[in-house]
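Thanks for making time this morning.

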Amino acid sequence: MKIGLKGINRASVAATVALTAGAVLAGSAFASAAQAATPPTPTITAKGGFVMNNGTSKTLYGKAADTRRSTGSTTKIMTAKVVLGQKNLNLDAKVTIQKAYSDYIVSKTASSARLIVGDKVTVRQLLYGLMLPSGCDAAYALADKFGTGSTRAARVKSFIGKMNADAKSLGLKNTHFDSFDGIGSGSNYSTPRDLTKIASSAMKNSTFRTVVKTKSTKQKVTTKTGGYRYMSWSNTNAMLGSYTGMIGVKTGSGPTAKYCLVFAATRNGKTVIGTVLTSTSATTRTADAKKLLDYGFKK
């Protein structure tokens, strides 16, 4: 009787070991497959970041996504959005460039579309001057044109009010504008999540999409004397042409904002859109955006 039991015990132990080993191997295989299916969460230099699927609005990544920060010239996304949201908008209407716009650029040492006083520039051209070279003079011209009031100061204040009303209509609680170009007085802020939502909404407009995906443009404008000149503008967004599927949208920088970028790309029918705020340089903001886009497309 005892001899039989010893034989049974050895066989049972061997079978149990084999089954356990098989389970461990199978478990490892499943774990490896799961790890391969889930891309590692990227590490970015920027203090804040957010990425979402533009089609579903599903959040794909967040880092201090709801922390308010200075936005620099990414503010101009809302400037363009407000202009394009005007009723009965005529994109070919001409705006005469005023000395106040060029004086403003000089006083603020601001980025410029190099608009020339007395030239007549269309609203469409001003949008290119706003979004490609990030012209604060173009932003001023648009705010003056589309604000309401009897004085330039009143019109600009009115336009900024429209920017804040638009943010409120989108349900954004961590965004406030006190300028038309991002050169504010301490109360111009947003968050990675909010800016992404603003850009996502703006991208529904075909004119906006056309402008922000343009690498460079040459525009014919009418001079003060009735002749014409050509204005050449290049996009400050270095990712256009260097990242497959890139479709926009806007860079930003400033003493407090540091380096910012709102970005969007489409691959295989999927559009990923996001924002990085307060990165350390133009190079790192691009590197941050690439990491987040790559991650977003894998999610």
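This is a predicted model: local features need pLDDT of at least 70, side-chain atom pairs count only at pLDDT 80 or more; totals for chains, interfaces and linings use all residues.

Val 249 lies in strand E9, where helices (H or I, at least four residues) and strands (E, at least two) are DSSP runs, numbered from the N terminus. Residues are numbered from 1 along each chain as its sequence is written, and side-chain values use heavy atoms, with hydrogens and water left out.

The peptide bond that leads from Gly 248 into Val 249 is cis, with omega near 10°. As background, most peptide bonds are trans, and most residues other than glycine have a negative phi.

On a 1 Å grid over the protein atoms alone, a pocket is an open set of points where a 1.4 Å probe fits, with protein on both sides within 12 Å along at least five of seven lines, and lining residues have an atom within 4 Å of a point. Grid points are joined across faces, edges and corners, and a volume is the space filled by probe spheres set on the points.

The largest pocket has a volume of about 420 Å³, and E9 gives the most to its lining, with five residues. Of the 28 lining residues, Gly 72, Gly 182, Ser 253, Gly 254 and Pro 255 lie nearest the centre of this pocket. The lining divides into six nonpolar, 18 polar and four charged residues, where Ala, Val, Leu, Ile, Met, Phe, Trp, Tyr, Cys and Pro count as nonpolar, Asp, Glu, Lys and Arg as charged, and the others, Gly among them, as polar.

The second largest pocket has a volume of about 170 Å³. Its lining includes Phe 50, Met 52, Ser 57, Arg 193 and Lys 204, and helix H7 gives the most to that lining, with four residues.

Ser 57 deserves a separate word. This residue is found in the loop between E1 and E2, and its phi is near 65°, a positive value in a residue other than glycine. With a relative accessible area of 47%, Ser 57 is partly exposed, given that buried means under 20% relative accessible area, exposed over 50%, and partly exposed in between (1.4 Å probe, protein chains only). Asn 88, in the loop between helix H2 and strand E4, likewise is not a glycine and has a positive phi of about 55°, and at 79% relative accessible area Asn 88 is exposed.

How far apart are the end C-alpha atoms of helix H9, residues 282-298? They are 25 Å apart, which agrees with the 24 Å that its 17 residues should span at 1.5 Å a residue, the expected span being 1.5 Å times one less than the number of residues. The buried residues of H9 include Arg 285, Asp 288, Leu 292 and Phe 297, and what covers the buried residues includes strands E1, E2, E9, E10 and E11.

Arg 267, in strand E10, is in contact (heavy atoms within 4.5 Å) with Tyr 243, Thr 244, Asp 294 and Phe 297, leaving aside its neighbours within four places in sequence. Arg 267 is partly exposed, with a relative accessible area of 28%.
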